[in-house]
Amino acid sequence: MLKIAIIGVMAVFLALPLKESKPEFSTLIIISGCMLILGCAVSKIAEIIRVITKINKYMGEQSVYLGILFKIISITYIAEFGASLCRDSGYSAIGNQVEFFGKIMILAVSMPIITTLFETITSIIGK
């Protein structure tokens, strides 16, 4: 975590003096810092995937729900990262659209869970 904090602070310190005179360079420095942090996060994601794969073996038929949950979490983080990057670059409209599409994707990916929930409720009620 210390390395990530240092990368973030360094990117901000490098970008601040350029913000007024060369805003395009300031934006490039910030995007580069974000990409470095994302690269560090990818290594941690690999560890998480390994653990989820282990858990998946124990779940049997119910493992499909764990996969959907993992997709939803991934979409959330990717959409938030992309939207924040767009907003920080001064393109709020694009950031809002990235966020909106992320919400639509979460809804689309969660449809099997919603369908199963309604089937379960219907079978309990007896209709």
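Helices (H or I, at least four residues) and strands (E, at least two) are taken as DSSP runs and numbered from the N terminus. The structure is a predicted model, in which local features need pLDDT of at least 70 and side-chain atom pairs count only at pLDDT 80 or more, whereas totals for chains, interfaces and linings use all residues. Residues are numbered from 1 along each chain as its sequence is written, and side-chain values rest on heavy atoms, with hydrogens and water left out.

Helix 3 is described first. This helix has 37 residues and reaches 51 Å from its first C-alpha to its last, which is close to the 54 Å expected at 1.5 Å a residue, the expected span being 1.5 Å times one less than the number of residues. Gly-60, with a positive phi near 65°, follows helix 3. Ser-26, Gly-33, Cys-34 and Cys-40 of helix 3 are buried, where buried means under 20% relative accessible area, exposed over 50%, and partly exposed in between, for a 1.4 Å probe and protein chains only. The buried residues of helix 3 pack against helix 1, helix 2 (18–21) and helix 4 (63–88).

The axes of helix 1 (residues 2–15) and helix 3 (residues 23–59) come within 8 Å and cross at roughly 175°; such axes are lines fitted to C-alpha atoms, for helices over the stretch in contact, and angles run from 0 to 180 degrees between N-to-C directions. Helix 1 and helix 3 are therefore roughly antiparallel to each other, given that angles under 35 degrees count as roughly parallel, over 145 as roughly antiparallel, 65 to 115 as roughly perpendicular and the rest as oblique. On the side of helix 1, the residues that meet helix 3 are Lys-3, Ile-4, Ile-7, Gly-8, Ala-11, Val-12, Leu-14 and Ala-15, and their partners in helix 3 are Ser-26, Ile-29, Ile-30, Gly-33, Leu-36, Ile-37 and Cys-40, contact being defined as heavy atoms within 4.5 Å. By class, this contact of helix 1 with helix 3 comprises eleven nonpolar, three polar and one charged residues, with Ala, Val, Leu, Ile, Met, Phe, Trp, Tyr, Cys and Pro counted as nonpolar, Asp, Glu, Lys and Arg as charged, and the others, Gly among them, as polar.

Ser-26, at 8% relative accessibility, counts as buried, and, leaving aside neighbours within four places in sequence, Ser-26 is in contact with Ala-15, Leu-18 and Lys-19. Gly-33 is likewise buried, with a relative accessible area of 8%, and touches Ile-7 and Ala-11 when residues up to four places away in sequence are not counted. The C-alpha atoms of Gly-33 and Met-10, which are 23 residues apart along the chain, are separated by 8.2 Å.

With helix 4, helix 3 forms a further pairing, in which the axes come within 11 Å and cross at roughly 175°; helix 3 and helix 4 are therefore roughly antiparallel to each other. Helix 3 contributes Ile-31, Cys-34, Met-35, Leu-38, Ile-48, Ile-49, Ile-52, Ile-55, Asn-56 and Met-59 to the contact, and helix 4 contributes Ser-63, Leu-66, Phe-70, Phe-81 and Leu-85. The residues of this contact divide into 13 nonpolar, two polar and no charged.

Cysteine pairing was examined by distance. With a disulfide taken as a pair of cysteine sulfur atoms within 2.5 Å, the count comes to zero disulfides. Cys-34 is in no disulfide, and the nearest cysteine sulfur, that of Cys-86, is 11 Å away, a separation too far for a bond. Cys-34 is buried, with a relative accessible area of 19%.

Helix 4 also packs with helix 5, at an angle of about 175° and with the axes 7 Å apart, which makes helix 4 roughly antiparallel to helix 5. The residues of the contact of helix 4 with helix 5 divide into 14 nonpolar, eight polar and four charged. Ser-110 lies in helix 5 and is buried, with a relative accessible area of 12%; apart from neighbours within four places in sequence, Ser-110 is in contact with Ile-68 and Ile-72. Ile-113, also placed in helix 5 (residues 92–125), counts as partly exposed at 32% relative accessibility. Leaving aside neighbours within four places in sequence, Ile-113 is in contact with Tyr-65 and Ile-68, and the C-alpha atoms of Ile-113 and Leu-69, 44 residues apart along the chain, are separated by 9.5 Å.
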